[in-house]
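Here is a short briefing to read alongside the structure. Keep the model open as you go through the points below.

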Amino acid sequence: MAQKKQTSISYFMKISNCRSQPDSKQDISSCITSELEDTSHSLSSPSKKRAHSSMISSIKNTDDSTPISDLVSKSIVADSTNFMNVYDIGFYINRTLSQNEISDIMNNLWVPDINYKFPIKMYMKKNKQINLKFQYSWLLKYPWLCYSEKAFCKFCVAFVKSGVGYNSKKPNSFVVTKFDNWRKALEGFQNHSMKNRELLTPIIEAIILCGRQNIAIRGHRDSGKLMIDQTDDEYENNEGNFREILRYRARGDEQLKLFLESNGHLKYTSATIQNEIIESCNQILLKRIVSRVNSAQCFSILADETADIANIEQVALCARYFDKKNMILKEEFIQFIPTFDTTGKGLASLMLESLHNFGIETKYMRGQGYDGAAAMSGEFNGVQAIIRKTHSQALYVHCSAHVLNLAVSNSCKVQEIRNCLGTISKARDFFNFPKRKDVLKTQIENSDEKISKNH
């Protein structure tokens with residue numbers, strides 16, 4: 001069996017060399033055909049030779065419209081006792097992988113068919129023989145799991161540096177060492193999942209903490225290896241909120257400390273991973289909000305558009321609905337949506353399309369709330385008018401915050417109010433100095449009139 005496995009690996013490497021040739025599809029076809037013809041001489045069975053000849057003929061007769069991936073898949077010998085699928089995880093273990101090979105593992109990895117006959121392994125239990133084998137259902141339950149005679153973790157195989165594992169130790173089961181103890185399969189799968197979760201959880205929680213407290217995650221000195229115990233010189237350098245929070249936590253978590261300080265580059269602390277975690281949080285929160293809005297079966301949309309610091313026009317979209325579970329009225333921010341069309345028609349189409357993409361059922365829309373700009377509130381070509389053409393029950397109401405702002409602005413046309421606000425502004429400017437403010441504070445404290453919360 002080991003000799004057959006080695007033959008498969010040799011065959012796979014030859015096919016990989018063919019795939020790496022960028023010249024043309026015809027060159028790849030010729031290369032694969034040549035390798036198959038060389039391999040066919042080593043086959044003893046007439047039936048296997050006939051299968052080889054049939055495949056060679058099929059590849060030679062392939063037209064130019066056939067994808068290159070199909071050429072490669074045709075080069076797979078059907079008899080699994082001699083050859084394996086070129087995307088079998090077994091070909092990728094215990095060596096440094098290229099970016100193309102990592103991409104193959106992520107996107108093209110071979111998965112056994114539901115009718116695949118997994119080999120049986122015999123065990124003795126209380127002097128009684130029991131037969132166990134790999135179960136197809138395990139592949140559905142654990143998305144990271146893959147099969148190649150034994151069980152492997154495709155993410156560990158793809159991203160763990162060859163020969164180096166956690167804390168500079170050799171990689172364990174599921175990485176380069178096969179796992180085939182089917183008696184303890186579920187326990188082994190669960191332990192493997194939990195180990196990765198335990199290392200990633202503190203990193204995710206640090207990012208969530210920064211988000212909840214509305215503080216910046218990164219600065220300009222937050223790259224490189226994260227050392228937990230710093231020297232006096234290193235302590236003076238602030239590496240940003242995220243790394244400092246993670247460092248503080250690692251001082252009380254020995255496992256996290258060993259992971260962050262161990263050799264290797266996969267630490268899940270880079271800016272790219274941070275953004276991916278933030279986006280994952282966004283998707284989870286969005287899904288929950290959409291579920292609550294749809295369950296209310298009655299909601300209004302609130303929207304306003306403005307340019308951010310990068311001068312990108314964005315629409316801030318919110319939903320207002322009644323929470324039946326807690327019996328309260330809620331307003332939830334949904335998303336910022338970039339836009340380049342600020343006309344009423346463009347904004348209306350963008351908002352309806354976005355609501356549909358988020359999964360919100362617009363048939364339950366009963367209200368709209370915007371400012372008084374013509375593009376939003378226009379009677380004929382405004383957003384509210386265009387949306388009402390398809391959602392007639394979504395009544396438009398002028399945003400209360402904008403109405404208050406307009407009321408204050410219009411009231412300043414009255415001379416008495418304008419003079420009053422002007423006097424208040426001048427008084428504030430007069431006391432906006434430390435010495436004057438201290439005098440005012442002293443006079444208030446020494447005053448006979450006591451100021452309380454009730455007055």
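Covering here rests on contact, meaning heavy atoms within 4.5 Å.

This is a predicted model, in which local features need pLDDT of at least 70 and side-chain atom pairs count only at pLDDT 80 or more, while totals for chains, interfaces and linings use all residues. Residues are numbered from 1 along each chain as its sequence is written, and side-chain values use heavy atoms, with hydrogens and water left out.

**The protein overall**

- The protein has 18 helices and nine strands; helices (H or I, at least four residues) and strands (E, at least two) are DSSP runs numbered from the N terminus.
- Of the 455 residues in the protein, 33% are buried.
- Among contacts with a separation of 6 or more, 55% are between residues 24 or more positions apart.

**How α13 meets α15**

- Helix α13 (residues 344-358) and helix α15 (residues 383-390) have axes that come within 8 Å and cross at roughly 50°. Axes are lines fitted to C-alpha atoms, for helices over the stretch in contact, and angles run from 0 to 180 degrees between N-to-C directions.
- The two helices, α13 and α15, are therefore oblique to each other; angles under 35 degrees count as roughly parallel, over 145 as roughly antiparallel, 65 to 115 as roughly perpendicular and the rest as oblique.
- On the α13 side, the contact uses G344, K345, L347, A348, M351 and L352, and on the α15 side V383, I386, I387 and T390.
- Sorted by type, the residues of this contact are seven nonpolar, two polar and one charged. Ala, Val, Leu, Ile, Met, Phe, Trp, Tyr, Cys and Pro count as nonpolar, Asp, Glu, Lys and Arg as charged, and the others, Gly among them, as polar.

**The nonpolar cores**

- The largest nonpolar core has 27 residues, of which F299, I301, M351, Y370, V383 and I387 touch the most other members. Such a core is a set of buried Ala, Val, Leu, Ile, Met, Phe, Trp, Tyr and Cys residues joined through side-chain atoms within 4.5 Å.
- Elements giving two or more residues to this core are α12 (271-296), β5 (299-307), β6 (313-323), β7 (328-338), α13, β8 (365-370) and α15.
- A second, separate core of 16 residues includes Y123, W144, F179 and A185.
- Beyond its neighbours within four places in sequence, I301 is in contact with C318, M351, L355, M365, G367, Q368, G369, Y370 and I387.

**E305 on strand β5**

- E305 sits in strand β5 and is partly exposed, with a relative accessible area of 25%.
- Leaving aside neighbours within four places in sequence, E305 is in contact with E313, Q314, V315, T342 and L347.
- From C-alpha to C-alpha, E305 and F336 are 9.1 Å apart in space, and they are 31 residues apart in sequence.

**Two residues with positive phi**

- Most residues other than glycine have a negative phi.
- N214, which is not a glycine, has a positive phi of about 55°. N214 is in the loop between α8 (185-212) and α9 (232-235), and is exposed, with a relative accessible area of 71%.
- Q297 also has a positive phi, near 55°. Q297 lies in the loop between α12 and β5, and is partly exposed, with a relative accessible area of 44%.

Key. Buried < 20%, exposed > 50% of the residue type's maximum accessible area, 1.4 Å probe, protein only.
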